[in-house]
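Hi everyone, thanks for making time this morning. I'd like to walk you through one structure, so please have a look at the screen.

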Amino acid sequence: MIKFLEFKNFCDERGSLVSIESCKNIPFDIKRIYYLFKNSSNTIRGKHAHKKLKQVYIAVSGSCKILIKDGQKEQIVLLDKPNVGLFFDDNVVWRELLDFSENCVLVVLADDFYNEEDYIRNYDEFLEYKKK
Ligand code: TYD
């Protein structure tokens, strides 16, 4: 259910650098980037599934947790490394974003533009969709 991508960390005495490239270390053509920050620690974001969208989540600063449900199993993963991405392929999974650290900046890479039609925002609808 969970796929992590590990990016090369070009680390030297000056600091660290991670490079992200479409269809190279990211398994799709990146069409959109957005980022979440200044989220309070007790907030829960996401609470939706995507029908087609592929995404990679990277905590480039701080940490947060991602709860993932496929309709049968569920798993919580911690994102706390700027050189690790959580890859959502085109499997339809429910995701919730929680436990944001104060300094968390979560960068999301996506293979398509924002399209509300691609969202399933109701959990019962998600379960119905998975049965089809
Ligand atoms: P929302 O879907 O509620 O965020 P999350 O899934 O993290 O809880 O999005 C918040 C608002 O931002 C909502 O009005 C839709 C808008 N939005 C865009 O316009 N473009 C985007 O790429 C995204 C992800 C959201």
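This is a predicted model: local features need pLDDT of at least 70, side-chain atom pairs count only at pLDDT 80 or more; totals for chains, interfaces and linings use all residues.

**A sheet and a ligand**

Now let's zoom out. E1 and E9 belong to an open sheet of five strands, in the order E1-E9-E6-E11-E4, and the pairing is antiparallel. At the edges you'll find strand E1 (3-6) and strand E4 (32-37), each with pairing on one side only. On average, neighbouring strands of this sheet are turned by 25 degrees against each other, direction ignored. As a quick reminder, strands of a sheet pair through backbone hydrogen bonds, either parallel or antiparallel.

On to the ligand. Which residues are around the ligand? They are Arg 32, Tyr 34, Leu 36, Arg 45, Gly 46, His 48, Tyr 114, Tyr 119 and Arg 121. By type, this shell has four nonpolar, two polar and three charged residues.

Let me pick out some contacts. In the side chain of Arg 32, an N or O atom is 2.4 Å from an oxygen atom of the ligand. For Arg 45, a polar side-chain atom lies 3.1 Å from a ligand oxygen. Gly 46 uses its backbone instead: a polar atom there is 2.9 Å from an oxygen of the ligand. On its own, the ligand has 540 Å² of accessible area, and the protein covers 57% of that.

Definitions and conventions: Residues are numbered from 1 along each chain as its sequence is written. Side-chain values use heavy atoms; hydrogens and water are left out. Two strands pair if DSSP finds at least two bridges between them. Helices (H or I, at least four residues) and strands (E, at least two) are DSSP runs, numbered from the N terminus. Axes are lines fitted to C-alpha atoms, for helices over the stretch in contact, and angles run from 0 to 180 degrees between N-to-C directions. A residue is near a molecule or strand if one of its heavy atoms lies within 4 Å of it. A polar contact is a pair of N or O atoms within 3.5 Å; within protein, one must be able to donate a hydrogen and the other to accept it, and residues adjacent in sequence count only if both atoms are side-chain atoms. Accessible areas come from the Shrake-Rupley method with a 1.4 Å probe; for residues, only the protein chains shown count as cover. Ala, Val, Leu, Ile, Met, Phe, Trp, Tyr, Cys and Pro count as nonpolar, Asp, Glu, Lys and Arg as charged, and the others, Gly among them, as polar.
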